[in-house]
Amino acid sequence: MLSKINEIRAELEALHAANVAEVEALRIKYLSKKGAISALMNDFRNVAADKKRELGQALNELKTFATERINNLREAASAGNDAADGLDLTRTAAPVRLGTRHPLSLVREQIIDIFRRLGFTIAEGPEIEDDWHVFESLNFAADHPARDMQDTFFIGRNPEVLLRTHTSSVQTRVMTSQQPPIRIICPGRVYRNEAISARAHCFFHQVEALYVDRNVTFADLRQTLLYFAREMFGPQTQIRLRPSYFPFTEPSAEMDISCNLCGGKGCSFCKGTGWVEILGCGMVDPAVLEACGIDSKVYSGFALGMGIERITNLKYQVKDLRMFSENDVRFLEEFTAAH
Ligand code: DAH
């Protein structure tokens, strides 16, 4: 067997090939399942036990050598001959595998698209904010619980600089830089100092909408909400507004939609109530308008804010918030054709 191994090795050393096709023929001759080296590997079973070590090693070396040799030949052949016979220009191109959109991007785009149809334009603000834009201008009393260290990430030791806890800060950024009419939608990432679990994360995404003009009323808000809910969750969707409290709106409300899983009959998702909460809203508090230099006797406005994760959960029943930031391809690929 050793002589056979040496013989093949000598053959390999002497090999040459004019083009890629010839290299492939050589690969088949030596390295395929039915090739010369596989045949030797088969014979190896019958080798006497005391020879196995030496011959086994020689065989392995032969195989490595052959693989290297064929690879070198292939490289040489294709380098010289690409334009001639190495490259088949008539061959169908290998399909390009498309990636998928992240579910949060998909839903954010859907939300923006709905508001765009109502004339809203996108506004953005910084994630690293100051106290005034996140809290002070939005009427948060100095001892409001949301200012507590537990909720807010501060940057360094300066209590004035923080990561925004909501996108409402973009409202005041825009209102201090332009006069009404203002009709903006503000998507963005927000941060809260929460322990990470299936139901809470230290960062998530919100979309804020703000409309300020002469004679904006609660009826405008309600109709906008109904339009949004039906565009987002289907024409059969019902909405209900419950009185609530936010420092920057008066009156304030929370909006529920009829449960899109059971259609309002009551199921485990809506805890038997038939309704699920999706956003907070209200009429912009006149004190907020004034703080931003807008005359509250002339102008009024409404605002609303929602969590993109929340809307995505409702649409696609993602049970664990952490899925959104773990980048598990198996999860992400489920959204290839989502709409
Ligand atoms: N900023 C609120 C939050 O983070 C959400 C919100 C509620 C935004 C009511 C609004 C609003 O614009 O009117 O929970």
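On a 1 Å grid over the protein atoms alone, a pocket is an open set of points where a 1.4 Å probe fits, with protein on both sides within 12 Å along at least five of seven lines, and its lining residues have an atom within 4 Å of a point. Residues are numbered from 1 along each chain as its sequence is written. This is a predicted model, in which local features need pLDDT of at least 70 and side-chain atom pairs count only at pLDDT 80 or more, while totals for chains, interfaces and linings use all residues, and side-chain values use heavy atoms, with hydrogens and water left out.

The largest pocket holds about 1,400 Å³ of space, and the ligand takes up space in this pocket. Its lining consists of 47 residues, with Arg 192, Phe 204, Glu 277, Gly 307 and Arg 310 nearest the centre.

Around the ligand stand 15 residues, among them His 166, Arg 192 and Glu 208, where a residue counts as near if one of its heavy atoms lies within 4 Å. Polar contacts, pairs of N or O atoms within 3.5 Å, include the following.

| Residue | Part of residue | Ligand atom | Distance |
|---|---|---|---|
| His 166 | side chain | nitrogen | 2.9 Å |
| Glu 208 | side chain | oxygen | 2.6 Å |
| Ala 303 | backbone | oxygen | 3.1 Å |

Of the 350 Å² of accessible area that the ligand has on its own, the protein covers 88%, as computed by the Shrake-Rupley method with a 1.4 Å probe.

The second largest pocket has a volume of about 200 Å³, and 14 residues line it, including His 102 and Phe 324.

Definitions and conventions. A polar contact is a pair of N or O atoms within 3.5 Å; within protein, one must be able to donate a hydrogen and the other to accept it, and residues adjacent in sequence count only if both atoms are side-chain atoms. A molecule sits in a cavity or pocket if more than half of its atoms lie within 2 Å of its grid points. Grid points are joined across faces, edges and corners, and a volume is the space filled by probe spheres set on the points.
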